[in-house]
Amino acid sequence: MEKFAVLQLSGCAGCEVSLLNADAWVDKYQLVYMPLVISASGVPEVDILLVSGGVRTDEDLHNLKRSVKKANKVVAVGTCAISGGVTNLGNREEVRNFFMNQSEQRDLPRLLADCRPIADFVKVERYLPGCPPTPELFMAVLFDPPDFKAGNSVCVECNRKKDKTMKPKRLSGHLHGNVQPGICLINQGFLCIGTSTRGGCGALCTNPGQPCVGCRGPSNAFIEKESDAWFASIKKVFSKMTEIPEPEIDSALRSAQMAMFLYQFIDYAGDNPNVPSKKEIL
Amino acid sequence: MTTLTFPLSRIEGHAQVVIEVEDGDVKSAHFKAMELRGFAHFLKDQPADQMPVIVTRICGVCSTAHHVASVKALEDAYGVEPPPLAKKIRELMMLGQMLQNQATSLFIFTMPDRLGLSIIFQEEVSQEVAKEKQGIAGRALKVRKAGTDLITLAGGQFIHPVKAVVGGVTSGIPKDDAAAMKKQLEDALPMARELFDFYWKSSETLHDRIGTWGDDRPACYIAATGKTKPDYYGDRMRLLIPDNENIIDFQSRDFRKHLDFEETDYSYSAMTTYKGNALRANSLARINIADSMGTPLADEYLSIFREIHGNPANGILLFDIARGIELVYSIERSIELLGEDLENGEPAVPHTETDGEGFGLVEAPRGPLVHRYKIKDGLIEDIEFIIPTVHNVHSIELALMTAAKRYISKEKVDMELERAVGRVVRAFDPCIACATH
């Protein structure tokens, strides 16, 4: 039986909880390390190491480096491991100062200046983005079925239909109620970026009425480009489908909720960026 | 001075226990939270109305509670009252979370302690245990899955829900979907009961072996659940004080009048006290505070529990058994709610965003959770998360002290200590991602 391990760095355990919703691995893989469900000291030799969470502390870094040596294949799982996720909102002087102070006051793992993607420190063979990736995506990364194909974009997987007669003049804000069923969220004035977000999630947010915030990251059309190409393209989508003034769209596209998406672009990824190529990402 | 360090597993997040001993005398027992991401700091100056999407990322285990607390905090600030349909659907989200969490804590985190295993899945075990263990993992995953599916149905996304919005929810639940979910829960109920019965029996066996339910000093209990029966949607904070028959209740916005918070230099988590006393939150607090469960099967379990352990019950390992009663309640109550009309009626009311301060309270699986947002020009000026696990830190340390004294003497450290440390911490089911956030 092949062996796999799950190493959780600084994150929320949402990836692990998602994995627990799948059971197809039980017959093929032995789970030998995952502190959330098993008592074991350190990662033993494994075929696949799934790493979730970002590198926030010196202990994260130590555990990461020690663990990848035991693995044949390393997979970065979830938005935090791939880009640092929402914690990138803390990449500001005043927040950094707070972190440094916290570290100095305590006898605990030292905090690094920022929460970093794991690929900044170790070689990653495969990337599985999503916040979190669905159980089906976890199984796809473990079993690598030749016929597995995720939709090009969340938009392709979404059941909502476009309505050319609806051309909103203002953004509806992100969280106003009264979402009309069955109709495209952009037509209702919501800031949805499902047209350019990697598919594979089954559009599980947009179908019940939550605009896509792009946690799966840029689709293949954008993943190897810089963010400017995407900003230009998504603004075109909105100018075609709505009458919302461009500055309003532009500022919303750069707001906090877009952090999970934007930081997956190479020009958002810091000084020594390591972002996945089309071939490495699921 | 000897320092004993115990890494922890089968809990959420990175924590360890450090016990200091001098000549067989236990000097201290510390519960150390080892991680920090800084949500309360990096969310400053961000748009307030985006919080319900972002704060779910504090925790993948308690996500639903953060999602609902966030929306309630904004509604409090904006002065919006959601319609009845929205409240029902939010209650269902909270029930799905409770069901999923209690099933995970009971059958994945703590069942191995009852059976002498390190994991509930796949391990080579003795024939005797293998016979008992037969099918536990499979059934546990099925019961858990019912909780996840309920979160998905009521909340949209399965880990970080999305359907609660300021003013209500994005949509109701179609009749057929509700009926299918009801059926799934009806099938899960007998499975959950069998597992819980087995768990309770195994806990009695464990008790007979070790001779204790753990630290059973009378304690202060805190919860945001209903007084007469559970209500995880949360209205007021309630405090049960030993030697006082009355329950003190107060609004979440007054929490600072009653609770004190203390930072330490050995943990990234703070700890809460009430007038210098340790607090206990989570399942046992709710069971001790509520008069009844309000559903037939859960009430049967509760009356047996109270007959044996009294009210209030105080042993640490009783947190685990209380969790089982709540598991049964969550399924029963969800079945009730899914039988009602969740399709028709206004899912949300309109609102206007204003500046101000808002408090959002829910009863999360680990206890009362409060989000406090101060909003200026639509941006977060100040933000605070009052986390249930933080209420328990002091009590965890007291219970660890009790366990350490039991198993450490001048002559030796009993091998049982390591297992006891794990059992004590898991009884509180702490969440470190939340506690440090």
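Predicted model: local features only at pLDDT ≥ 70, side-chain atom pairs only at ≥ 80, totals over all residues.
**View 1. The hairpin of strands 2 and 3 in chain B.** Strand 2 (residues 15-22) of chain B pairs in the antiparallel sense with strand 3 (residues 25-33) of chain B, and eight bridges join them. Within this pairing, B:Glu20 stands opposite B:Ser28 of strand 3. Two residues lie between the strands of the hairpin, and B:Asp23 in the turn has a positive phi of about 50°.

**View 2. The largest pocket, lined by elements of chains A and B.** This pocket has a volume of about 1,300 Å³, and of its 49 lining residues those closest to the centre are A:Ser39, B:Pro7, B:Leu8, B:Ser9 and B:Arg426. Chain A supplies at least two lining residues from each of strand 1 (2-8) and helix 2 (58-68), as do several elements of chain B, among them strand 2, helix 4 (84-115) and helix 7 (175-210). Helix 13 of chain B provides the largest share of the lining, seven residues. Sorted by class, the lining holds 21 nonpolar, 15 polar and 13 charged residues.

**View 3. The second largest pocket, with helix 4 of chain A and elements of chain B in its lining.** About 500 Å³ of space lies in this pocket, which is lined by 25 residues, with B:Ala40, B:Glu263, B:Ala270, B:Phe385 and B:His437 nearest its centre. Helix 4 (93-105) of chain A gives at least two residues to the lining, as does each of helix 1 (39-42), strand 9 (260-262), strand 14 (379-386) and helix 14 (432-436) of chain B. Strand 14 of chain B contributes the most, with five residues, and the lining as a whole has twelve nonpolar, five polar and eight charged residues.

Notes:
Residues numbered from 1 in each chain as written. Chains lettered and ligands numbered in written order. Heavy atoms only, no water. Pairing = 2+ DSSP bridges. Helix = DSSP H or I, 4+ residues; strand = E, 2+ residues; numbered from the N terminus. 1 Å grid on protein atoms, 1.4 Å probe; cavity = no way out; pocket = protein on both sides within 12 Å on 5 of 7 lines; lining within 4 Å. Points joined across faces, edges and corners; volume = space filled by probe spheres on them. Nonpolar A, V, L, I, M, F, W, Y, C, P; charged D, E, K, R; others polar.
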